[in-house]
Amino acid sequence: MATGETPSPPGARPARPDFKHFDGDAALYDSSKPVYPDALITRIVTAMRGREVLNAGCGTGIEARQFQAHGCAVLGVDPDAGLARFARGTGVPVEVSAFETWEPADRAFDAVVAGTAWHWIDPAAGVAKAAQALRPGGLLAPFHHAMHTPPQLADAIGEGLPAWTTRSAAAYQKVAPHSTLDGEGRRKPSTELYQPLFDGIADGIRQAGGFDEPEQWRFEWEQRYSREEWLDLLPTFGAVAKLPPEELAKALDAVGTVIDTMGGGFSMPYTTVAVVAVRRDSD
């Protein structure tokens, strides 16, 4: 499913955009999206009682293959048939369905994970479905990237891709009104902007019941991007993918020019946060 948009307000049903699924090049989506830090995958696997994983919103199978590499049997669920088809081609079994209406059919799992996808899932129905699919003692573990875009590049994106910027700003305002800038007019760190999302996921788990107190696991890391790699990544963000070809080409050229002034590449700091809760053995 498309994962590039800024999340909807936590604790309420997300407002679905007019592009429900990613409809671009699945191979480009898969190759350009960042993988998740191995420390995160290792910690989840270590905390699991078994090795059977249900991957909600698996997309092209990025995190599913990481769990497979750690010895897990993974079943993906995704509403986008094209992304599911690509994931199957990489060895990830996927069932095409919205997670909220997917049926476990008496199957049970040791963990339900979701990589930068939980904000597309109804919070109440998603937690209920996870509880239905999990064995007692199983883990619910949605996790999400927060990018710390260099200021000069963020400004270039804002100027070159106004549709994406406007949509993102509006979503941030819904999550945390009037808080995108600090008292001196500087852009707040991405971790502060995304924290309401993580707290909202935790609140949704608490409200649903059936789980122990959620924890938030935080992982800091960096990824180096060349000019070409970053320009490949940008069109995989939902609103950017919907730009007319001429407008997209012009915007990417402007962003590429800024990257040239940065030496042809840059390091992007990331924070990946997992909200993890254990299904109680009994209520």
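Start by selecting Thr 116, which sits in the loop between strand E4 (109-115) and helix H5 (123-133), where helices (H or I, at least four residues) and strands (E, at least two) are DSSP runs numbered from the N terminus. This is a predicted model, in which local features need pLDDT of at least 70 and side-chain atom pairs count only at pLDDT 80 or more, while totals for chains, interfaces and linings use all residues. Residues are numbered from 1 along each chain as its sequence is written, and side-chain values use heavy atoms, with hydrogens and water left out.

The phi of Thr 116 is near 50°, a positive value in a residue other than glycine. Is Thr 116 buried or exposed? Thr 116 is buried, with a relative accessible area of 7%, given that buried means under 20% relative accessible area, exposed over 50% and partly exposed in between, with a 1.4 Å probe and protein chains only.

Next, move to Ala 105, in the loop between strand E3 (94-96) and E4. Ala 105 also has a positive phi in a residue other than glycine, near 55°, but Ala 105 is exposed, with a relative accessible area of 56%.

Now show the whole chain, which holds 11 helices and seven strands. Of its 283 residues, 54% count as buried. The accessible surface of the chain, computed by the Shrake-Rupley method with a 1.4 Å probe and, for residues, with only the protein chains shown counting as cover, comes to about 12,100 Å², of which 52% belongs to carbon and sulfur atoms. If contact means heavy atoms within 4.5 Å, then among contacts in the chain between residues at least 6 apart in sequence, 76% join residues at least 24 apart.

Select helix H3 (residues 62-69), whose buried residues are Ile 62, Glu 63, Ala 64, Gln 66 and Phe 67. Which elements do the buried residues of H3 pack against? The partners are helix H1 (26-32) and helix H2 (38-47), together with strands E1 (52-56), E2 (73-78), E4 (109-115) and E5 (134-147). After H3 comes Gly 71, whose phi is positive, near 85°.

From there, go to strand E7 (residues 265-278). In E7, 11 of the 14 residues are buried, so the strand is largely enclosed by the rest of the structure. Two strands pair if DSSP finds at least two bridges between them, and E5 and E7 pair in the antiparallel sense over seven bridges, with Val 273 in E7 as the bridge partner of His 144. E6 and E7 also run antiparallel, joined by 12 bridges, and here the bridge partner of Trp 217 is Ala 274 in E7.

Stay on Ala 274, which is buried with a relative accessible area of 0%. Which residues does Ala 274 touch, not counting residues up to four places away in sequence? They are Leu 40, Pro 142, Phe 143, Glu 215, Gln 216 and Trp 217.

The last stop is the set of salt bridges. Side chains of opposite charge can pair when their charged atoms come close. A salt bridge is taken as a side-chain nitrogen of Lys or Arg within 4 Å of a carboxyl oxygen of Asp or Glu, and by this rule the count comes to 10.

Select Glu 213 and Arg 206, whose side chains meet in a salt bridge (2.7 Å, N to O); Arg 206 counts as partly exposed at 41% relative accessibility. Then select Arg 280 and Asp 212, whose side chains meet in a salt bridge at 3.6 Å, N to O. This pair links distant parts of the chain, 68 residues apart, with Arg 280 in the segment after E7 and Asp 212 in the loop between helix H8 (190-208) and strand E6 (215-226). Arg 280 is partly exposed, with a relative accessible area of 34%, and Asp 212 is partly exposed at 38%.

Finally, select Arg 227 and Asp 260, which form a salt bridge through their side chains (3.0 Å, N to O). Here too the pair links distant parts of the chain, 33 residues apart, with Arg 227 in helix H9 (residues 227-233) and Asp 260 in helix H11 (residues 245-261). Asp 260 is partly exposed, with a relative accessible area of 42%. Elsewhere, salt bridges that share partners join Glu 52, Asp 110 and Arg 135 into one network.
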